[in-house]
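Subject: Structure handover, with notes on ligands and pockets

Hi there,

Here is the structure I promised to pass on to you. Please open it alongside this email, and my notes will follow below.

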Amino acid sequence: MKKILFVASECVPFIKTGGLADVVGALPKYCNKEEFDIRVIIPNYQCIPQKYKEQMKYKTHFYMNLAWRTQYVGILETEYDGIKFYFVDNEFYFAGAKPYGEIYQDIEKFAFFSKAVLSALPTIDFRPDIIHCHDWQTGLIPVMIHDAFQNNQFYRGIKTIMTIHNLKFQGIWDKKTIMDITGLPPYYFTPDKLEAYGDANYLKGGIVYADMVTTVSNTYADEIKTPFYGEGLDGLMNAKSGRLRGIVNGLDYNEWNPETDKYIYQNYNQINFRKEKVKNKVALQKELGLRVDEKVFTIGIVSRLTDQKGLDLVDYVIEEICAPDTQFIVLGTGDPKYENLFRHFEWKYKDRVSANIYYNNERSHKIYAACDAYLMPSLFEPCGLSQLMSLRYGTVPIVRETGGLKDTVEPYNEYENTGTGFSFRNYNAHEMLNAIRYAKDVYYNRKREWNKIVDRGMKRDFSWCNSAGQYENLYRQM
Ligand code: ADP
Ligand code: GLC
């Protein structure tokens with residue numbers, strides 16, 4: 001049996017700020033348990049809900065050197081949905097109301113976490129064959145395995161995978177501080193290793209030292225080899241292209257199932273959505289204080305409110321989006337300029353705009369179920385899970401053709417009767433607006449066609465079944 005350890009900074013159901021948590025929580029469940037023993041390790045953040053904390057059991061603790069510091073490392077464990085989870089405990093590093101804080105704090109937090117994970121392995125009776133690292137927070141792991149840990153018999157031969165969920169975030173700080181924090185020798189701080197443009201870069205270290213590098217869609221795997229999407233590392237991505245693979249994310253079809261979802265007002269499926277889905281719209285309109293109208297075209301957004309998500313396009317034409325024949329429901333937090341934009345338009349058009357500026361999983365389910373269309377005009381999108389959720393809930397995605405959005409949403413073709421959504425190519429507000437208006441026209445004037453788009457979208461299979469198989473192949477090859 002192959003042993004694999006997932007190392008990540010977030011994981012459903014314990015802690016989530018974005019799609020990373022969905023992936024880390026779901027993928028281990030969908031790999032073949034006869035062949036792979038996959039376990040997951042994340043920080044024991046103070047902000048993990050109490051109901052999960054109560055289930056954690058003490059495993060062990062020890063003191064660890066992190067350069068000149070000596071730090072406490074506690075290891076807790078629990079089992080959830082058939083998967084074993086470990087938590088690295090340290091009240092100093094993992095305090096606070098959110099998993100991430102100021103970057104200079106996070107830089108030290110995740111250096112500690114990475115080293116603690118590796119140091120804990122001999123104490124938990126689990127020597128992985130492969131360590132599967134996710135995003136910059138775990139980028140130091142392949143580097144540390146290469147360094148001090150390579151002289152230790154226990155670690156010799158452990159393979160590493162670095163999965164890039166978002167190349168935008170790299171974990172960058174000045175070399176001197178990183179040397180001081182990590183205790184890694186100057187040898188590692190050159191441009192062919194951790195250094196990038198004069199600073200130290202965790203993700204780069206991970207990419208350089210990992211045995212395999214993956215990212216979360218095929219299109220993004222290609223895009224990051226270009227300067228526009230490469231975030232300064234396109235040269236490196238080209239150099240590593242032989243070890244770089246795109247595997248599109250799946251969705252946890254048990255968690256996200258309109259037929260059984262306990263958060264939504266009215267369950268429905270592929271067969272009865274024409275009659276039943278709209279009950280979710282009416283109920284949500286009442287709950288949010290919008291004008292109750294089962295016919296009105298309703299657009300949803302559930303998202304981190306950042307530039308990545310294409311919200312400056314929305315900003316540019318928001319008057320036109322919030323037309324009298326449309327309702328617009330937003331759930332998200334992030335950049336204050338976008339939070340305030342949506343708050344302002346809710347104030348301006350109370351009967352048809354709803355701005356929910358907070359994080360709420362239950363409400364996100366209600367929005368996916370209630371809306372007719374889902375807007376995701378991202379500037380870049382490594383994969384994107386929201387569009388997969390909306391497809392599953394019969395909510396037609398309107399997306400920009402980039403990254404995983406391009407790989408998962410097939411544009412509607414009215415001549416061939418194909419497609420599952422609406423899309424536009426250029427990063428241009430009026431192209432987006434045209435796509436929205438086209439969608440609205442089909443919704444109002446060709447409802448049968450609209451329902452066929454919904455039907456095709458709901459039939460698509462973006463469960464983990466397919467993508468988990470691709471990860472399994474990768475694990476087997478290594
Ligand atoms: P990213 O990981 O870049 O944020 P994804 O589309 O991959 O984008 O995943 C985002 C996930 O986070 C989805 O599951 C989405 O529903 C969820 N999400 C984002 N913002 C909120 C929010 N304010 N409340 C609840 N869920 C949210
Ligand atoms: C990142 C990306 C998103 C992707 C998610 C999970 O947060 O922004 O596109 O779906 O990771 O892989």
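Predicted model: local features only at pLDDT ≥ 70, side-chain atom pairs only at ≥ 80, totals over all residues.

**Ligand 1**

Let me begin with the surroundings of ligand 1. Its shell holds 23 residues, and the closest are Gly19, Arg304, Lys309, Tyr368 and Leu385. A polar backbone atom of Gly19 sits 2.6 Å from an oxygen atom of ligand 1, while an N or O atom in the side chain of Arg304 is 2.7 Å from an oxygen atom of the ligand. On the nitrogen side, a polar backbone atom of Asn360 lies 3.0 Å from a nitrogen atom of ligand 1. Taken alone, ligand 1 exposes 560 Å², and the protein buries 94% of that.

The elements giving two or more residues to this shell are helix 1 (19-30), strand 13 (297-305), strand 14 (326-334), helix 13 (361-370) and helix 14 (386-392). By class, the shell around ligand 1 has eight nonpolar, 10 polar and five charged residues.

**Ligand 2**

- Gly384: a polar backbone atom is 2.7 Å from an oxygen atom of ligand 2.
- Gln308: an N or O atom of the side chain is 3.0 Å from an oxygen atom of ligand 2.
- Asn166: a polar side-chain atom is 3.5 Å from an oxygen atom of ligand 2.

On its own, ligand 2 has 310 Å² of accessible area, of which the protein covers 93%.

Helix 9 (273-288), helix 16 (429-445) and helix 17 (447-459) each supply at least two residues of the lining. Helix 9 provides the largest share, five residues. Sorted by class, the lining has seven nonpolar, two polar and seven charged residues.

**A pair in helix 17**

Helix 17, one of the elements in that lining, also holds Asp455 and Lys459. The side chains of Asp455 and Lys459 make a polar contact at 2.9 Å. Are these two residues buried or exposed? Asp455 counts as buried because its relative accessibility is 17%, under the 20% cut-off. Lys459 counts as exposed because its relative accessibility is 53%, over the 50% cut-off. Lys459 is also 7.4 Å from Gln270, C-alpha to C-alpha, although the two are 189 residues apart in sequence.

**Backbone details**

Some backbone angles are worth a look when you prepare the model. Most residues other than glycine have a negative phi, and most peptide bonds are trans.

Val12 and Pro13 are joined by a cis peptide bond, with omega about 5 degrees. Pro13 lies in the loop between strand 1 (2-7) and helix 1.

Ala67 is not a glycine, yet has a positive phi of about 50 degrees. This residue is in the loop between strand 3 and strand 4 (69-80), and is partly exposed, with a relative accessible area of 31%.

Asp125 also has a positive phi, near 55 degrees. Its place is the loop between helix 3 (103-120) and strand 6 (130-134), where Asp125 counts as exposed at 66% relative accessibility.

**One more loop residue**

Finally, Met56 is in the loop between helix 2 (50-53) and strand 3 (57-66). At 12% relative accessibility, Met56 counts as buried. Met56 and Trp464 are 408 residues apart in sequence, and their C-alpha atoms are 27 Å apart in space.

Conventions:
Residues numbered from 1 in each chain as written. Chains lettered and ligands numbered in written order. Heavy atoms only, no water. Helix = DSSP H or I, 4+ residues; strand = E, 2+ residues; numbered from the N terminus. Nonpolar A, V, L, I, M, F, W, Y, C, P; charged D, E, K, R; others polar. Near = heavy atom within 4 Å. Polar contact = N/O pair within 3.5 Å; in protein donor to acceptor, adjacent residues only side chain to side chain. Areas by Shrake-Rupley, 256 points an atom, 1.4 Å probe, with all protein chains shown as cover. Buried < 20%, exposed > 50% of the residue type's maximum accessible area, 1.4 Å probe, protein only.
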